[in-house]
Amino acid sequence: MSDTETNKTFTLTNDETGEKYTLPVLEGSEGPPVVDIRKLYAETGHFTFDPSFTATGSCKSRLTFIDGEKGILMHRGYSIEDLASKSSFMEVAYLLLYGDLPNKAQKDKFEHDITYHTMVHEQINFFYRGFRRDAHPMAIMCGVMGGLSAFYHDSLDIYDPEQREISAHRLIAKVATLAAMTHKYTLGQPFMYPRNDLSFAENFLYMTFAVPAEPYKVNPVLASAMDKIFILHADHEQNASTSTVRLAGSSQANPFACIAAGIASLWGPSHGGANQAVLEMLDEIGSKDNIPEYLERAKDKDDPFRLMGFGHRVYKNFDPRANVLKKACDEVLDDLGIDDPRLELAMELERIALEDPYFVDRKLFPNVDFYSGIILKAMGFPTSMFTVLFALARTVGWVSQWKEMIEEPALRIGRPRQLYTGPKSRPYVDLDDRK
Ligand code: CMC
C-alpha cells in the first residue's frame with residue numbers, strides 16, 4: 001500500500017448499462033479524500049470533465065496545505081502566521097525546497113549558496129537592451145527568465161540531482177537580480193550589481209533603489225516588510241502558475257523555461273496581476289463617495305468590472321496572508337509617516353463590501369493582493385512592478401514544486417483530455433465548391 005492508499009472505495013453506476021465501477025479512494029495527511037480515477041478511461045471508456053479544476057487533484061505534494069474553509073495555509077506543516085512572524089524568506093525557501101527548517105549551519109550554508117549565485121552573466125545586460133524602455137516589467141521578466149536557459153547550459157540536465165540543485169539556487173538568487181534590473185531598465189538608470197554582504201531582502205532593495213552616485217542605506221523596517229511579503233507569496237499549492245510550471249516541467253523542459261511559463265501565467269489579473277489591478281481600481285474609484293457605484297458594477301453580471309483583491313478559488317472564509325499583510329501595511333505606513341488616502345479608501349471598501357449580501361453570500365473576502373499593492377506603493381515601487389515582486393517570491397515555490405515533481409519516480413507528461421464539441425467528421429470541400 002502506498003502512503004496515500006486506503007481500503008475505502010467509491011462506486012459509480014453507469015445508468016445506461018447498470019454496470020458498477022469501484023474506484024480506489026486515497027487520503028493525504030490533511031484535506032478531503034481523493035477518488036483515484038486514473039484507470040477510469042481504460043476500464044469504462046469515460047473521461048471526467050472539470051475544466052477549471054474545481055474538484056481535481058493534479059498531483060501529490062508534501063509542500064503546502066490550504067484549508068480554504070478555515071483560512072489555513074501551511075508550508076510543510078508550519079502555519080503561515082508562524083513563518084511570517086518568526087522566520088525569514090531564506091529559511092522558508094529552504095523549508096520548501098528540502099522539507100525542514102534549517103539548523104544554524106544549514107541556514108548559513110544555504111544563504112551562502114544563494115548569495116553566490118546572485119550575479120547574472122554580463123551578456124544578460126545586453127539582452128535587456130532589446131526591450132523598449134516602456135515595456136511592462138512582466139513582459140521583460142518573461143523574456144529574460146526564459147533567456148537564462150541560453151546562459152546556464154551546465155545546469156540543464158534535469159536528471160542530474162547536482163544540476164537540479166544548482167538550477168534551483170540560480171533561479172532563487174537570480175530572479176531578484178533580474179527583477180531589480182527590470183526596474184532599473186524601465187527607469188533608464190544603471191543596473192546595480194548585487195551586494196553579498198546584505199540579506200536577500202536588503203540586497204533586493206539595494207539593487208532596486210540605490211544609484212551609483214550616492215550611498216544608499218537600507219531602511220530595516222522596509223527590509224523586514226519586504227522579507228515578510230516574500231514569505232507570504234512563496235508558495236500556494238497548485239494555483240494556475242504553479243500548475244503551469246508543473247505541466248511545462250512534465251515534458252522535461254528545462255527549469256528556466258518552466259519558470260518563465262509560470263511568470264506568464266502569473267501575469268493575468270485573476271492571479272498575480274491582481275495586486276496591480278487593485279491599486280488601479282482604488283485610483284479609479286477615487287473617493288469613498290464613489291464606492292456604492294463600483295460595488296453595483298461589481299455585482300452586475302453584464303459589467304466585466306470585478307472588485308479586484310476580493311474573492312479566491314480556495315479561501316471561502318478569509319485569506320490568512322491578507323491578515324498578516326494588513327498588519328505589516330500599518331507598520332510600514334506608520335514608519336514612513338505616510339498617510340495614504342488609498343488605505344482609508346481600501347478600508348472603507350472592505351467594510352462596505354463585507355456587509356453587502358452579494359459578497360457575504362458568495363464568501364468573497366479580501367485576498368493577499370488587496371493589501372500588498374498599498375504597502376508596495378508606500379515602499380516606492382511603481383504599480384507595474386507589483387506582479388514582478390510576486391513572481392520573485394513565488395519562484396521559490398515554483399522551483400520547489402518543480403523539483404518535487406522531477407524527483408517523483410512515476411513522472412509522466414501531463415496530458416489533459418477534452419469534451420469535443422466541434423463538427424463531426426465531414427467530407428473535404430474543394431475551394432471552388434465552397435459557398
Ligand atoms: N468581484 C465581484 N464578483 C466576484 C468576484 C469579485 N472580485 N469574485 C468572484 N465573484 C463572484 C462571481 O461573479 C461568481 O458569482 P455568481 O456565483 O453569481 O456567478 C461568484 O462570485 C464565484 O466566483 P467565481 O468566478 O466562480 O470564482 P473563481 O474561483 O472562478 O475565481 C478569482 C476566483 C480570484 C479569480 C475571482 O474571485 C476574482 O476574479 N477576483 C478578483 C481578482 C483577484 O483578486 N485575484 C487574486 C487572487 S489571490 C492571489 C493569487 O492567488 O493569485
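Which residue in β5 is the bridge partner of D67? I began my notebook with that one.

**Entry 1: ground rules**

I am working on a predicted model, where local features need pLDDT of at least 70 and side-chain atom pairs count only at pLDDT 80 or more, while totals for chains, interfaces and linings use all residues. I number residues from 1 along each chain as its sequence is written, and my side-chain values use heavy atoms, with hydrogens and water left out.

**Entry 2**

I looked up D67, and its bridge partner in β5 is I72. I take strands (E, at least two residues) and helices (H or I, at least four residues) as DSSP runs, numbered from the N terminus. Two strands pair if DSSP finds at least two bridges between them. Strand β4 covers residues 64–67, and strand β5 covers residues 72–75. Four bridges join the two strands, which run antiparallel. I also found T64 opposite H75 in β5.

Next I checked the turn. β4 and β5 form a hairpin with four residues between them. G71 sits in that turn and has a positive phi of about 70°.

Then I followed the side chains of β4. T64 and I66 point one way, and F65 and D67 point the other way. All four of these residues are buried. Buried means under 20% relative accessible area, exposed means over 50%, and partly exposed lies in between, with a 1.4 Å probe and protein chains only.

Which strands stand at the edges of this sheet? I first wrote down the sheet itself: it is open, has three strands in the order β4-β5-β6, and its pairing is antiparallel. The edge strands are β4 and β6 (78–79), and each pairs on one side only.

I moved back to the start of the chain. Strand β1 (residues 5–13) and strand β2 (residues 20–26) pair in the antiparallel sense over six bridges. L12 stands opposite Y21 in β2. These two strands form a hairpin with six residues between them. G18 in the turn has a positive phi of about 80°.

β2 also pairs with strand β3 (residues 34–35), in the antiparallel sense over two bridges. Here L26 stands opposite V34 in β3.

Is E16 buried or exposed? I found E16 in the loop between β1 and β2. E16 counts as exposed because its relative accessible area is 79%. I also checked a distance: the C-alpha atoms of E16 and V34 are separated by 25 Å, and the two residues are 18 apart along the chain.

**Entry 2: positive phi outside glycine**

I noted F53, which has a positive phi of about 55° although it is not a glycine. F53 belongs to the loop between α1 (40–44) and β4. With a relative accessible area of 52%, F53 is exposed.

K363 is another residue other than glycine with a positive phi, near 55°. I placed K363 in the loop between α16 (357–361) and α17 (368–379). K363 counts as partly exposed because its relative accessibility is 38%.

**Entry 3: the ligand**

How many residues surround the ligand? I read 21, and the closest are H271, R306, L307, G309 and R313. A residue is near a molecule if one of its heavy atoms lies within 4 Å of it. By class, the shell has eight nonpolar, seven polar and six charged residues.

I then listed some atom distances. A ligand oxygen atom is 2.8 Å from a polar backbone atom of G309. A ligand nitrogen atom is 3.1 Å from a polar backbone atom of S270. A ligand nitrogen atom is also 2.9 Å from an N or O atom in the side chain of Y358. The protein covers 77% of the 940 Å² of accessible area that the ligand has on its own.

**Entry 4: Q238**

I found Q238 in the loop between α9 (220–232) and α10 (240–250). A polar contact is a pair of N or O atoms within 3.5 Å; within protein, one must be able to donate a hydrogen and the other to accept it, and residues adjacent in sequence count only if both atoms are side-chain atoms. The side chain of Q238 makes such a contact with that of R246, at 3.2 Å. It makes another with the side chain of Q401, at 2.9 Å.

**Entry 5: cysteines**

How many disulfides does the structure hold? I counted zero. A disulfide is a pair of cysteine sulfur atoms within 2.5 Å. The sulfur of C142 is too far for a bond, because the closest cysteine sulfur, in C258, is 14 Å away. I also looked up C329, which counts as buried because its relative accessibility is 1%.

Note on methods. Accessible areas come from the Shrake-Rupley method with a 1.4 Å probe; for residues, only the protein chains shown count as cover. Ala, Val, Leu, Ile, Met, Phe, Trp, Tyr, Cys and Pro count as nonpolar, Asp, Glu, Lys and Arg as charged, and the others, Gly among them, as polar.
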